[in-house]
Amino acid sequence: MLGNSSAAKTPCLPKSNQLNTVGPRQLNGVATIKLVTKRKDIHLTSTTKALPCFVIHTDGACSGNPGPGGWGAVVNKIEGEATVDRVELSAGEAATTNNQMELTAVISALTHVAERPDFETATPIIVKSDSQYVVDGFNKWRHGWRKRGWRTADKSPVKNLELWKALELVASTLAVTFEWVRGHNGDPENEAADALAVAAIPAIR
């Protein structure tokens, strides 16, 4: 049963270092907590009425790097402490890199969520990735890259620019936060995303 999934224990809130909490307070008889992420463009409001959220685990894999690669994503819709829907996504490419697959996994998963008929724009989304390149790139580096005309601190062109721009575009209208998780450390959904990514590689050889 979905409600007994390990993902059901995943809270519909980012880690404490991703947000500030203001509240709780009463609004029309319902206790609310206002959550303000460190991203100034996002404001999340959580209520005690089992606010739904989406928790996404992503991973990328590549044989050769560069070489044939695959990506995987596990999308869980959570209401309260229950997982009410779980979707696995994956695909592969004949010539790619590991970082490209990591980015593609996130872009594809966010696009899937945004296009769901049960999705509302204000619904919180938490992306969990074991790629520091993806998480730090989104949370920290991309702002500086953009200010420098999409160049790194040493003035080199940003690699995978089209993918970074695609990620910014799909995330721009979403209440999304990114969290790093240690790979191969016992997180079932991280392991599932990894298995999907690896399994997608032979399919396109």
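Residues are numbered from 1 along each chain as its sequence is written, and side-chain values use heavy atoms, with hydrogens and water left out. Because the model is predicted, local features need pLDDT of at least 70 and side-chain atom pairs count only at pLDDT 80 or more, while totals for chains, interfaces and linings use all residues.

Me: In what order do the five strands of the open sheet stand?
Reply: Strands are DSSP runs of E with at least two residues, helices are runs of H or I with at least four, and both are numbered from the N terminus. Two strands pair if DSSP finds at least two bridges between them. Pairing in this open sheet is mixed, and the order is β6-β5-β4-β7-β8.

Me: Which strands stand at the edges of that sheet?
Reply: An edge strand here has a single partner strand, so one side of it is left without a neighbour in the sheet. The strands in that position are β6 (82-96) and β8 (175-180).

Me: How many bridges join β5 to β6?
Reply: β5 (residues 67-79) also runs antiparallel to β4 (residues 52-62), with eleven bridges joining the two. In β6, the bridge partner of Val75 is Val87. β5 and β6 run antiparallel too, and the number of bridges joining them is twelve.

Me: How many of the 13 residues of β5 are buried?
Reply: Buried means under 20% relative accessible area, exposed over 50%, and partly exposed in between, with a 1.4 Å probe and protein chains only. β5 is mostly covered, and its buried residues number twelve.

Me: Which residue's backbone oxygen does the side chain of Arg148 reach?
Reply: Arg148 is found in the loop between α2 (132-147) and α3 (161-171). Arg148 is partly exposed, with a relative accessible area of 40%. At 3.0 Å, the side chain of Arg148 reaches the backbone oxygen of Arg151.

Technical notes: A polar contact is a pair of N or O atoms within 3.5 Å; within protein, one must be able to donate a hydrogen and the other to accept it, and residues adjacent in sequence count only if both atoms are side-chain atoms.
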